[in-house]
Amino acid sequence: MKLYYAPATCSLSPHIVLRELDLPFELIKVNNKSKKTADGRDFLTINHKGYVAALELDNGQILTEGPIIVQYLADMKPESGLAPANGSWARLRLQEWLNFITSEIHAGSAPLFNAELPEEARQIIREKLFRRFAYLDTTLSTTDYLTGTSFSVADAYLFTVLGWCACFSIDLNRWHALAGFMTRIERRPAVQAALSAEAAQ
Ligand SMILES: N[C@@H](CCC(=O)N[C@@H](CS)C(=O)NCC(=O)O)C(=O)O
């Protein structure tokens, strides 16, 4: 498998999951501005949507959309516990989290990367985001991981998108349980390995 990624973007989530699962894969860096891969190809011919992450399977299929990629990967090793069995109630709960992260936190915070965005708009976005953070903080004050007592693909995704807060000058220490969650996930060997690999390339 090949993971097309750009450093410090949402592709960190499937990157972490690949390492958590100890699956063989090749990392291919994409320049998100030029849309060129590190090996000189036009990324738009790989993912027509033009964004990371994209996973190229050994059969040539290209799978996109982070929440789907991480579930596909977790299902390759069900014994890992990174995603409960398809069709189970627990799986729906996981998908509920993945959808919350993708629509409320990922898409809810990404506009803050736009340097042209006026301060008034930033303020509106921050206020909505902070309501979501309060909800996450309440949840994580009673449990170490989003779905309960063990790490799942939702935790990898939440860690990835909350990591952007540093770029937005948002201090996560305002939400103690959230800050504790970030420290807990960051300490995981697979997370450390993914961060180092992205920094090194
Ligand atoms: N819906 C997609 C969104 C992916 C996405 O927003 N990727 C960003 C990085 S976090 C990107 O590559 N943006 C470049 C672009 O849109 O041109 C997913 O959840 O995977």
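Mentor: We shall go through the sheet, some backbone angles, a side-chain neighbourhood and the ligand shell. Keep in mind that this is a predicted model, in which local features need pLDDT of at least 70, side-chain atom pairs count only at pLDDT 80 or more, and totals for chains, interfaces and linings use all residues. Residues are numbered from 1 along each chain as its sequence is written.

Trainee: In what order do the strands of the sheet lie?

Mentor: Strands of a sheet pair through backbone hydrogen bonds, either parallel or antiparallel. Strands here are DSSP runs of E with at least two residues, helices are runs of H or I with at least four, and both are numbered from the N terminus; two strands pair if DSSP finds at least two bridges between them. In this model five strands form an open sheet in the order β3-β2-β1-β4-β5, with mixed pairing. Strands β3 and β5 stand at the edges with a single partner strand each, so one side of each has no neighbour in the sheet.

Trainee: Which pairs are parallel and which are antiparallel?

Mentor: Strand β1 (residues 2-5) pairs with β2 (residues 26-31) in the parallel sense over four bridges, and within that pair L3 has L27 as its bridge partner. Towards β4 (residues 54-56), β1 runs antiparallel and is joined by three bridges, with L3 opposite L55. Three bridges also join β4 to β5 in the antiparallel sense, and there A54 stands opposite T64.

Trainee: What kind of unit do β1, helix α1 and β2 make?

Mentor: A crossover is called right-handed if, with the strands pointing away from the viewer, the path from the first strand over the helix to the second runs clockwise. Together β1, α1 (residues 12-20) and β2 make a right-handed β-α-β unit.

Trainee: Where should I look for a cis peptide bond?

Mentor: Look at the bond from V52 to A53, which is cis, with omega near 5°. A53 lies in the loop between β3 and β4.

Trainee: Is D22 buried or exposed?

Mentor: A residue is buried if 20 or more other C-beta atoms, placed from the backbone, lie within 10 Å of its own, exposed if 12 or fewer, and partly exposed in between. D22 counts as exposed because it has 9 C-beta neighbours inside 10 Å. D22 is in the loop between α1 and β2, and has a positive phi of about 55° although it is not a glycine.

Trainee: What does Y157 touch?

Mentor: Two residues are in contact if their C-beta atoms, placed from the backbone, lie within 7 Å. Leaving out residues up to four places away in sequence, Y157 touches S13, G66, P67, V70, L98 and I101. Y157 sits in helix α5 and counts as buried, because it has 27 C-beta neighbours inside 10 Å.

Trainee: Which residues are around the ligand?

Mentor: A residue is near a molecule if its C-beta atom, placed from the backbone, lies within 6 Å of it. The residues around the ligand are A6, T9, C10, N32, G50, Y51, V52, A53, E65, G66 and T102. This shell divides into five nonpolar, five polar and one charged, where Ala, Val, Leu, Ile, Met, Phe, Trp, Tyr, Cys and Pro count as nonpolar, Asp, Glu, Lys and Arg as charged, and the others, Gly among them, as polar.
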